[in-house]
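This report describes a few local features of the structure shown below. It is written for a reader who has not seen the structure before.

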Amino acid sequence: MYILGLNPVVSYPDSNHVKASLEKLDFLVVQDIFWTETCEYAGCCPPRRVLCREGRHVYERRAARQPCEKSGRCTGRVEDRLSWSLPNSRRGMGLKGFDWKTGKDVWDDMRACTPSMRGVTYEKMEKPESVHWPCPAEDHPGTPILHCEKFACADGLGNFFGIEYRPPAEVADAEYPFTLMTGRVIFHYHTRTQTDRCEVLHYEVPESYIQINTQDAKELGIRQHEKIKVKSRRGEIETIARVTDDVAPKVLYMAMHFDKGANTLTNTALDPLSKMPELKHCAVSVEKIREA
Amino acid sequence: MTKKGDMLYAWTNDAEIQKKAELGGAVTALWKYALESKAVDAVLAVTKGVDLYDAKPVIITDPKDLAKTAGSLHCGTLLMPKLIKKYLGGSKHTKIGVTVKGCDAMAFYELAKRKQLDLDRIIMIGVNCGGSVSPVIARKMIAEKYGVDPNVVHKEEIDKGQFIIEYEGGHKGISVDELEEAGFGRRSNCRRCKMKIPRQADLACGNWGVIGPKAGKATFVEVCSEKGAALLDGAVKKGILATEAPNPKGIEIRGKVEGAMLKLGDKWRKKDFEGLGEGKDRLKKIMSETSRCIKCYQCIDQCPICYCVDCTTKNPVYVPPGELPVNFMFHLIRYAHIADSCVNCGQCEEVCPAEIPNALFMHAQQVELEKMFGHVPGQDMELPLHAFVEEKAERARLANTHSDMIYENVFNPVPK
């Protein structure tokens, strides 16, 4: 298996299952710009190389692309000016057509094969307002807000239709009486491969925590910032309790960014249509850690 | 020989500079002379980046490169002194010449008071500044108010109260008042600014007051220090700069323009500060607006007053990490540490990704503190309360005495 820029040990549901499966592989290559938890399972990790001298573009969630001017601190060497992981590995495999010289070359190749980005040129990104995708052509102004004019239906109007409620695959019961929701925090991105290497962001949230309702905490005798044990049918973790009324009683919230964190608990059940794992809902139990 | 207080018209004799520079090219010529005579090792100036709306700081050591810094960019919102502190070793090892706006000049003094810069190694040429326009606002304004594609504009200027653009096929001016009524125009801090002619610099230059045959062909120069006088005399002696006495009527006009700008500044202050309400209403407004903060620390990073190595906002006792909305103490620490010296440069607002009117809040507090304590920031080397102690020495004193009473020795000097 060849994994490129992915850290499934942290980001996939049921981490224990992921780890056991990775161990069964004959050979695993993990290529990433930094060492990740998944690299621990690899037989080979090609050298990390990242396009940063040349300036790189951040693909924001709000769907505008913004150029990051040449980052001042670069961990790579100067001759790695264009040492993007992709072209190097492909060249190494004897593939042609990857003789890019600048970040712009890489970008232009990327947008040539991505219809929604085709019109997102370097020049547009250098303007202060940048450009919002989808931007299918160079003369297209970009799309700051989707579906302003019409929806992709025959009459251009959005269709509302009723659906029958189906409960999640796993719901709270006597043994696992809490519902765990998962999500993100603003200070980290995905599995913290990049953000935890940033001193300021590491300072804000250096380790995982779980939000628990004041009433539940009181009943279980859990104090603010106490380390507690959380279990599901798939695994157990220790994490810090944040006692708050931001979550309802019997509901817990945990960010997905941390190793030995939320995804040790989550369920692999897939949505039948979208095939999205049921990451946002699983049944867990909470207990105090007894002093030895 | 000129001396502090002298005023004159100046222009360059240098054919190369004449080709590129505006208003007689006096500033560019002075920098050329400063570099050639080794009065400075480098000049920090602003040049055009990817387009007209992108002001880029540039270090010039070869006089031949000065041409690219000629002219003004009103969409430049940079603050130069903090760049020198952060990236040029605080001028401790290099003699640097800098072209400054009023806010730059004020920030230089505040950083120097805190020993973050060495003014002895800095030469400042001040330029009159009526205010700058944020790039995004400028582009939107040109598209909507002027009906012109901002990408085809090749020159902009502010003259006689108008923001004027030149583009392929024409030029167009609209009064700044009208633009600001429509929510465009200058940055909010610039509207409130009352430092239009930066006399804290060594020379204060501009086009206000240049009338008669020299109008548009010379720069009005006011000599503000002995250092400035020496630079000017040297450039004249070298033959790169020519000067003449200014038209007395011109001096009068310059005074009138400045007076009008200051009056306008007062008008905006009144409007902006009254808009904040008073007492608890003001506090509520500030608390509600700052609750959008995502703790990116950019306001602290860019602030010319902030210099501490260990910032109190990163003390978990005061501001619990990892929590949003951020504890209001984060902003209270900023106000407590900065407001007495805020020069209203607007950086904290310009860079804020949450678009919090940080500069307005800080400036509103600064003017109140000035009324109470009489300290005027950015004017001279007079120290504010917070500069009475040196950070390292004060931290050492606190550690040695196990005290948490900051400034105790300032208020109650230790008996001998």
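In chain B, strands β6(B) and β7(B) form a hairpin, with two residues between them. One residue in the turn, K160(B), has a positive phi of about 50°. The two strands, covering residues 153-159 and residues 162-167, are antiparallel and are paired over six bridges.

The model is predicted. Its scores are ipTM 0.80 and pTM 0.86. For chain B the mean pLDDT is 92, and 97% of the residues of chain B reach 70 or more. Where pLDDT is low, predicted coordinates should not be read in detail.

Chain A contains a closed barrel of six strands, in the order β6-β10-β7-β9-β8-β11, with mixed pairing. From one strand to the next, the twist averages 45°. Strands β6 and β11 of chain A run antiparallel and are joined by three bridges. F178(A) has V284(A) in β11(A) as its bridge partner.

| Strand | Partner strand | Bridges |
|---|---|---|
| β6 of chain B (residues 153-159) | β7 of chain B (residues 162-167) | six bridges |
| β6 of chain A (residues 178-183) | β11 of chain A (residues 282-288) | three bridges |

Strands of a sheet pair through backbone hydrogen bonds, either parallel or antiparallel.

Chain B also has a helix pair. Helix α3 (residues 80-87) packs against helix α4 (residues 102-113) at an angle of about 40°, and their axes are 7 Å apart. From α3(B), the residues M80(B), P81(B), K82(B) and K85(B) meet D104(B), A107(B), F108(B) and L111(B) of α4(B). By class, this contact has five nonpolar and three charged residues, and no polar ones.

Is V133(B) buried or exposed? V133(B) has 26 other C-beta atoms within 10 Å; a residue counts as buried at 20 or more, and therefore V133(B) is buried. V133(B) is found in the loop between β5 (122-127) and α5 (135-144) of chain B. Although V133(B) and C75(B) are 58 residues apart along the chain, their C-alpha atoms are separated by 4.8 Å. Apart from neighbours within four places in sequence, V133(B) is in contact with H74(B), C75(B), A138(B), G185(B), R186(B) and R187(B).

Technical notes: Residues numbered from 1 in each chain as written. Chains lettered and ligands numbered in written order. Predicted model: local features only at pLDDT ≥ 70, side-chain atom pairs only at ≥ 80, totals over all residues. pLDDT = per-residue confidence, 0-100. Helix = DSSP H or I, 4+ residues; strand = E, 2+ residues; numbered from the N terminus. Buried ≥ 20, exposed ≤ 12 C-beta atoms within 10 Å, placed from the backbone. Contact = placed C-beta atoms within 7 Å. Pairing = 2+ DSSP bridges. Axes fitted to C-alpha atoms, helices over the stretch in contact; angles between N-to-C directions. Nonpolar A, V, L, I, M, F, W, Y, C, P; charged D, E, K, R; others polar.
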